[in-house]
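Here is a short briefing to read alongside the sequence and the 3D view.

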Amino acid sequence: MISRVNILKIIIAIVLSISGLACDDEAKTGELDFIGDSLIDGWKVGKYFPSYITSNYGVPGARIEYIESMAGKFTDRTVVVLIGTNDKFQLADDTRSEYVKRYVEAIVNLNAGRMYLISVLPRDKDSDVKNFNEDIRQFNIMVQNEIKTTPTIKYVDVYNDFLDDGKLIHKYFKDGLHLNNSGYNLLSKLLSAHIGPTK
């Protein structure tokens, strides 16, 4: 016969599962796959996440086509994705909505069991159009809204952490786009707050 204490434990476990509070614990498998552009490629993930077995699939210059080409290759795995800054011309007002749909579809089609999708970071390159970071900000908001109904994706919004009063904090960047050690220290800390330690 099941005791009242055990019944209470079962009820609590069910409630936690339904509310999503147990999701991150289920994802702590000990393995993390990182995929994206040069910001992923330059990230020494083994150094920053030593308690995990990490794999880095970052490719300099990668665009959304790269994510599309990896469809189904991360089935049931735990994946960290950072992509989008190289598709800067698709982030403008007239192309943004269409690109958001394509972007989210590519992310979902990786078929990860658990995914941590990092927001596109702000930037400050001489070649950037005026107010480009506002395009990035709007894009991030739209993506975050689009994936709300996808429980396997955890959105990691780091955009504002690299800004001070709306301006890029250059001490985190080598060239206004690529992160330096300080930038990766911050990004790793922000991601760690979501994934936590392994079991």
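Does N180 count as buried or exposed, and why? N180 counts as buried because its relative accessibility is 18%, where buried means under 20% relative accessible area, exposed over 50% and partly exposed in between, with a 1.4 Å probe and protein chains only. Please keep in mind that this is a predicted model, in which local features need pLDDT of at least 70, side-chain atom pairs count only at pLDDT 80 or more, and totals for chains, interfaces and linings use all residues. Residues are numbered from 1 along each chain as its sequence is written, and side-chain values use heavy atoms, with hydrogens and water left out.

**The chain as a whole**
- The protein chain holds 8 helices and 7 strands; these are DSSP runs numbered from the N terminus, with helices being H or I of at least four residues and strands E of at least two.
- Of its 199 residues, 45% count as buried.
- The protein chain exposes about 10800 Å², and carbon and sulfur atoms supply 52% of that area, by the Shrake-Rupley method with a 1.4 Å probe.
- Contact means heavy atoms within 4.5 Å; among contacts between residues at least 6 apart in sequence, 67% join residues at least 24 apart.

**Around N180**
- N180 sits in the loop between β7 (167–168) and α8 (181–195).
- Beyond its neighbours within four places in sequence, N180 touches H170, K171, Y172, F173 and K174.
- A polar atom of the N180 side chain lies 2.8 Å from the backbone oxygen of K171.
- L39 is 141 residues from N180 in sequence, yet their C-alpha atoms are 9.9 Å apart in space.

**Around K88**
- K88 belongs to the loop between β3 (78–82) and α6 (93–108).
- K88 counts as buried because its relative accessibility is 17%.
- Leaving aside neighbours within four places in sequence, K88 is in contact with R123, S127, D128 and F132.
- The side chains of K88 and D128 are joined by a polar contact of 3.5 Å; such a contact is a pair of N or O atoms within 3.5 Å, where within protein one must be able to donate a hydrogen and the other to accept it, and residues adjacent in sequence count only if both atoms are side-chain atoms.

**The α6 and α7 pair**
- α6 packs against α7 (residues 132–146) at an angle of about 40°, with the axes 10 Å apart.
- Residues D93, R96, S97, Y99, V100, Y103 and V104 of α6 meet D135, Q138, F139, M142, V143 and E146 of α7.

Definitions and conventions: Axes fitted to C-alpha atoms, helices over the stretch in contact; angles between N-to-C directions.
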